[in-house]
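Here is a short briefing to read alongside the model. Take a look at the structure first, and then we can walk through it together.

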Amino acid sequence: MKAKMFRVLLSLAIVFTMVSCSSDSSDGTSTDKKVVTNYNYNETELKLITLINNYRQTIGLNTLEVINHISFKSEEHNIYMIEHNLVNHDYFQERSDNLILVLGAERVGENIAYNYKTAENAFSAWMDSPGHRANIEGDYTHFGLAVTTDAQTGKKYYTNMFMKKKQ
């Protein structure tokens, strides 16, 4: 009798655990179809937007149009990295899929950075990295970015996403 009761309780515990492990929207896996239109840019973000577009102009490339939805998705990733004490591209495919679905992206790229005090320092680090530089110089039409400060450590997390809109 005890063994039978144990199996029933174990089964219920497993079912409860599986049902309760749904992801929340801050983990970067949200693929909502809603376009986020409002985003409040901080000084560092505005400076990075200017640095990237000014650089693109100096080498004969188009400037990129800022889309608030992309910045929002970038901020979601920063929050995820802060909450998990990580610096990585986890869930990039989900963010990319969201930009494809919601904004009609044809191609998506992403740069991340961590613990740079200024926009200039983060931009310089990206320019010194061939992969990050390739994204900045890439065949894109739009972008967004977020710089989020960890309230506990004071360190900044940067996510910069690029997309080329389907024509």
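Predicted model: local features only at pLDDT ≥ 70, side-chain atom pairs only at ≥ 80, totals over all residues.

**Around Asn-160**
- Asn-160 counts as buried because its relative accessibility is 0%, where the cut-off for buried is under 20%.
- Its side chain comes to 3.1 Å from the backbone oxygen of Gly-144.
- Leaving aside residues up to four places away in sequence, Asn-160 touches several others, including Ile-52, Ser-74, Glu-110, Trp-126 and Phe-143.

**Overall fold**
- The protein has 6 helices and 4 strands, running α-α-β-α-α-β-α-α-β-β from the N terminus.
- Of its 167 residues, 41% count as buried.
- The protein exposes about 9,500 Å², with carbon and sulfur atoms supplying 55% of that area.
- Of the contacts between residues at least 6 apart in sequence, 74% join residues at least 24 apart.

**Aromatic pairs**
- The whole structure holds 7 aromatic pairs.
- Tyr-55 and Phe-123 have ring centres 6.1 Å apart and planes at 65°, so they form an edge-to-face pair.
- Tyr-55 belongs to helix H2 (residues 43-58) and Phe-123 to helix H5 (residues 119-127), so this pair ties together parts 68 residues apart in sequence.
- Tyr-55 is buried at 15% relative accessible area, and Phe-123 is buried at 12%.
- Trp-126 and Tyr-158 are also edge-to-face, because their planes stand at 85° with ring centres 6.4 Å apart.
- That pair links Trp-126 in helix H5 with Tyr-158 in strand S4, 32 residues apart.
- Trp-126 is buried at 2%, and Tyr-158 is buried at 1%.

**Around Tyr-140**
- Tyr-140 forms one aromatic cluster with Phe-143 and Phe-162.
- Arg-107 lies over the face of Tyr-140, 5.9 Å from the ring centre.

Definitions and conventions:
Residues numbered from 1 in each chain as written. Heavy atoms only, no water. Buried < 20%, exposed > 50% of the residue type's maximum accessible area, 1.4 Å probe, protein only. Polar contact = N/O pair within 3.5 Å; in protein donor to acceptor, adjacent residues only side chain to side chain. Contact = heavy atoms within 4.5 Å. Helix = DSSP H or I, 4+ residues; strand = E, 2+ residues; numbered from the N terminus. Areas by Shrake-Rupley, 256 points an atom, 1.4 Å probe, with all protein chains shown as cover. Phe/Tyr/Trp six-rings, centres within 6.5 Å; stacked < 30°, edge-to-face > 60°. Lys NZ or Arg CZ within 6 Å of the ring centre and 35° of its normal.
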